[in-house]
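I opened my notebook to look up a few things in this structure. Here is what I wrote down, entry by entry.

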Amino acid sequence: MQNEISEDMVLVPGGPFTMGFQIDNEREWGDRDEEPVHQVSLSSYWIDKYEVTSSRFAKFLNENKEQASRFIEITPTVTVQLENDTHSPRSGLENYPVNRVSWFGAEAYCKWVGKRLPTEAEWEKAARGTDQRIFPWGNDFPDNEHVTYRRKMSEKGFKVMEPVDGMNKGVSPYGVHHMAGNVWEWVSDWFDATAYQDENREDPKGPEGGISKVLRGGNWYYKAYYMRTTYRFNEKPGTFKIWQGFRCARRAAEGN
């Protein structure tokens, strides 16, 4: 494990916030797994200001070569390449998010840098703050100044994404970039459509087990509905999809 804490993190203060989405609304947005709307209290925590880049993940892969194939699937549309048994970011994409990463790869990387994946509740608070906003930047409908929006890989190639520190107009209330668009982001929780009925409202960590893991935030192609701060997606942890990425977190107090 590489025990280092990046300076590129923001502190999310402890306290309550409202989690979930009321699906009875004018736009008819929302899914049943986003209800009931409930208040959650979280301890203070740090979360990465940016998604993990191809450069940083390539370094991790080179130090964990025996398990690399479990962590990422390299294809021509991945921001990391493999040449002569060495992983490296593709030229010009050094500061772009790593993609096509499994949940196992995301979890292992966060541990390697002395962090962990955020919980689903931590991710949502970092994205929406305490004012129940629909998108990280507020309630205004998405556009390509705020978020990578309705872009096709077949037309734009890697330009469907943006550098992890880009698009300042789309940051969350805490200054976190790309909590909508770019890549879907793995979190630590197992997915359960009825999880919000759980009465544990303090630092919830989700179900003890399951089949799939939660992803949040939408990606470069998805429509506005899926970029909402409350939308819940899920995939099996060993799955590789072109739009899978992540960021890390850690508790504000010592330990993870």
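**Entry: aromatic rings**

I started with the aromatic rings of this predicted model. Trp29, Phe135, Trp137, Phe141, Tyr149, Trp184, Tyr222, Tyr225, Tyr226, Tyr231, Phe233 and Trp243 form one aromatic cluster. My search of the whole structure gave 23 aromatic pairs. For a pair, the ring centres of Phe, Tyr or Trp (its six-membered ring) must lie within 6.5 Å; planes under 30 degrees apart are stacked, over 60 edge-to-face, and the rest tilted.

I looked at Trp29 and Phe135 next: their ring centres are 6.0 Å apart and their planes stand at 85°, so I noted the pair as edge-to-face. Trp29 sits in the loop between strands E2 (15-19) and E3 (38-42), and Phe135 in the loop between H4 and helix H5 (153-156), so the pair ties together parts 106 residues apart in sequence. Helices (H or I, at least four residues) and strands (E, at least two) are DSSP runs numbered from the N terminus. Are Trp29 and Phe135 buried or exposed? Both Trp29 and Phe135 are buried. Buried means under 20% relative accessible area, exposed over 50%, and partly exposed in between (1.4 Å probe, protein chains only).

Tyr225 and Tyr231 have ring centres 5.8 Å apart and planes at 65°, so I called this pair edge-to-face as well. Tyr225 and Tyr231 are both buried. The charged end of Arg228 sits over the ring of Tyr225, 4.4 Å from its centre. Arg150 lies over the face of Tyr221, at 4.8 Å from the ring centre. The rule here is NZ of Lys or CZ of Arg within 6 Å of the ring centre and within 35 degrees of the ring normal.

**Entry: ground rules**

I keep the numbering from 1 along each chain as its sequence is written, and side-chain values use heavy atoms, with hydrogens and water left out. In this predicted model, local features need pLDDT of at least 70 and side-chain atom pairs count only at pLDDT 80 or more, while totals for chains, interfaces and linings use all residues.

**Entry: Met227**

I found Met227 in the loop between E8 and E9. Its relative accessible area is 0%, so Met227 is buried. Leaving aside neighbours within four places in sequence, Met227 is in contact with residues including Phe135, Tyr149 and Tyr222. Contact means heavy atoms within 4.5 Å.

**Entry: strand E8**

Which strands pair with E8? I found three bridges to E7 (residues 184-190), running antiparallel, and three to E9 (residues 233-235), also antiparallel. Two strands pair if DSSP finds at least two bridges between them. Trp186 stands opposite Leu215 in E8, and Lys213 stands opposite Glu235 in E9. In a regular strand the side chains alternate between the two faces of the sheet. In E8 (residues 213-216), Lys213 and Leu215 point one way, Val214 and Arg216 the other, and all are buried.

**Entry: the open sheet**

I then traced three strands that form an open antiparallel sheet, in the order E1-E4-E11. E1 (9-12) and E11 (249-251) stand at the edges with a single partner strand each, so one side of each has no neighbour in the sheet. Neighbouring strands here are turned by 25° against each other on average, direction ignored. E1 and E4 (residues 45-48) pair over four bridges, and Leu11 has Trp46 in E4 as its bridge partner. Helix H4 (residues 120-128) lies across E1, E4 and E11, at about 75° to E4. Axes are lines fitted to C-alpha atoms, for helices over the stretch in contact, and angles run from 0 to 180 degrees between N-to-C directions.

**Entry: cores and helix H3**

The largest nonpolar core has 47 residues, and Phe57, Tyr109 and Phe246 are among those with the most contacts inside it. Such a core is a set of buried Ala, Val, Leu, Ile, Met, Phe, Trp, Tyr and Cys residues joined through side-chain atoms within 4.5 Å. H3 gives the most to this core, with six residues. Apart from it lies another core of 19 residues, among them Met19 and Ile47.

Just after H3, Gly114 takes a positive phi of about 80°.
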